[in-house]
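Please look over the chain shown below before reading on.

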Amino acid sequence: MEREKIELCCPAGNLPSLKAAIDNGADVVYLGFRNATNARNFEGLNFSNKDITSGIEYAHRKGKKVFVALNTFPQFEDAKIWFKSVDTVVDMGADAAIIANMGVLKYASDTYPDLRLHLSVQASSSSVESLSFYRDHFNIKRAVLPRVLNVEEIKEIKEEMGDFEIEVFGYGGLCINICGRCYLSSYITGVSCNTGGVCSPSSAVSFENEGDELKVSLGSVVLNKYSAGEVTSYPTSCKGRYYYNGNELGYPIEEPASLSVLDILPQIIGSGADSLKVEGRQRTRSYVATITGIMREAIDRYYDDPDSYYVDEKWLAETATAMEGMKTTYGPYMEK
Ligand code: SF4
């Protein structure tokens with residue numbers, strides 16, 4: 001029997017981006033509320049309830065789906081906000097809720113046995129034992145795997161987990177720490193990286209021109225100084241250019257580069273993964289449109305004739321300006 005195509009799951013930080021993703025070939029759009037339940041809780045980003053409802057209608061009219069991410073960890077005093085958000089996801093008719101916290105998963109699975117639940121990457125579940133625990137206790141149908149596994153490990157997990165769906169990242173920013181467990185930015189900003197917009201809360205990011213240089217800071221820490229014409233990268237503390245080893249200037253933690261599986265799409269599909277996720281709910285509508293269109297073309301090309309799959313030069317040219325540091329990496333999937 002012919003295997004179904006891998007699903008293309010794309011990000012949206014607002015309604016125009018959702019429409020751009022759907023119109024350019026996404027099978028699914030994932031998004032979040034404008035509150036602390038959303039790991040991308042940035043100012044000026046995200047959906048009102050009215051916009052989510054319109055987005056779901058738009059997607060369903062075109063035969064596509066919408067997943068809502070409630071992927072942060074409630075604090076003692078405010079857990080009800082997460083439970084209420086689960087109720088809202090159900091009322092809106094979204095196709096799945098993406099959740100990380102066990103308390104929220106328990107509420108969702110007990111209260112709404114028919115609600116499709118996915119385990120967020122923020123739960124950092126990367127072994128058969130851990131995934132089985134979530135599946136068996138909360139009836140999870142799918143997990144988004146953290147970007148720490150190689151292709152062979154993903155394949156082993158999929159083989160062991162059978163019908164349980166696996167979603168992997170295919171394009172976008174890389175995180176070198178365990179997702180949901182990184183506190184680098186909190187040390188600098190004092191803002192929770194759980195509920196305050198993850199690793200670069202927009203209120204703490206600043207850009208200043210200093211002569212010919214552009215100085216980018218997070219709180220009081222200077223992340224980088226770019227000379228004229230130099231490509232800037234996403235302002236996170238892990239990708240800062242610092243002095244280290246005495247007086248050496250470089251990237252001691254992580255060099256800016258975007259994850260891209262375009263070159264290794266056959267291997268990623270061969271791992272048995274069910275869904276390919278594009279990172280970037282904080283990115284622009286134009287980014288979402290471009291990357292979605294390219295990933296759609298790549299997936300379709302592969303399934304049309306797997307043996308003659310190739311990466312189009314045009315894709316590389318179109319994604320060049322979207323790449324962090326103008327570079328791509330396979331991340332942990334395999335050696336480049
Ligand atoms: S600061 Fe860097 S390592 Fe930490 S969560 Fe953000 S992207 Fe990941």
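A residue is called buried when its relative accessible area is under 20%, exposed when that area is over 50%, and partly exposed in between, with a 1.4 Å probe and protein chains only. By that definition Cys10, at 0% relative accessibility, counts as buried, and Cys9 is likewise buried with a relative accessible area of 0%. The model is a predicted one, in which local features need pLDDT of at least 70 and side-chain atom pairs count only at pLDDT 80 or more, while totals for chains, interfaces and linings use all residues. Residues are numbered from 1 along each chain as its sequence is written, and side-chain values use heavy atoms, with hydrogens and water left out.

If a disulfide is taken as a pair of cysteine sulfur atoms within 2.5 Å, the count comes to zero. Cys9 is in no disulfide, since the nearest cysteine sulfur, that of Cys10, lies 6.7 Å away.

A nonpolar core is here a set of buried Ala, Val, Leu, Ile, Met, Phe, Trp, Tyr and Cys residues joined through side-chain atoms within 4.5 Å. The largest such core has 80 residues, of which Leu18, Ile99, Val168, Leu265, Leu276, Met295 and Tyr333 touch the most other members. Helices (H or I, at least four residues) and strands (E, at least two) are DSSP runs numbered from the N terminus, and helix 9, residues 285–304, supplies the largest share of this core with nine residues. A second, separate core of seven residues includes Cys9, Val28, Phe67 and Ala96.

Which residues does Tyr333 touch, not counting residues up to four places away in sequence? With contact meaning heavy atoms within 4.5 Å, the partners of Tyr333 are Leu149, Asn150, Val151, Ile154, Val168, Phe169, Leu259, Val261, Ile264 and Ile268.

The next feature is a sheet. Strands of a sheet pair through backbone hydrogen bonds, either parallel or antiparallel; here two strands are said to pair if DSSP finds at least two bridges between them. An open sheet of three strands has the order 8-9-10, and its pairing is antiparallel. Strand 8 (205–210) and strand 10 (221–226) stand at the edges with a single partner strand each, so one side of each is left without a neighbour in the sheet. On average, and with direction ignored, neighbouring strands of this sheet are turned by 25 degrees against each other, where axes are lines fitted to C-alpha atoms, for helices over the stretch in contact, and angles run from 0 to 180 degrees between N-to-C directions.

Strand 8 is joined to strand 9 by six bridges, and Val205 stands opposite Leu218 in strand 9. The hairpin of strand 8 and strand 9 has two residues between the strands, and Gly211 there takes a positive phi near 60 degrees. Five bridges join strand 9 (residues 213–218) to strand 10, with Ser217 opposite Val222 and Val216 opposite Asn224. Strand 9 and strand 10 also form a hairpin with two residues between them, where Gly219 in the turn has a positive phi of about 55 degrees.

Most residues other than glycine have a negative phi. Asn46, in the loop between strand 2 (28–31) and helix 2 (49–61), has a positive phi near 85 degrees, and at 3% relative accessibility Asn46 counts as buried. Ser124, found in the loop between strand 5 (117–119) and helix 5 (128–138), has a positive phi of about 55 degrees and, at 17% relative accessibility, counts as buried.
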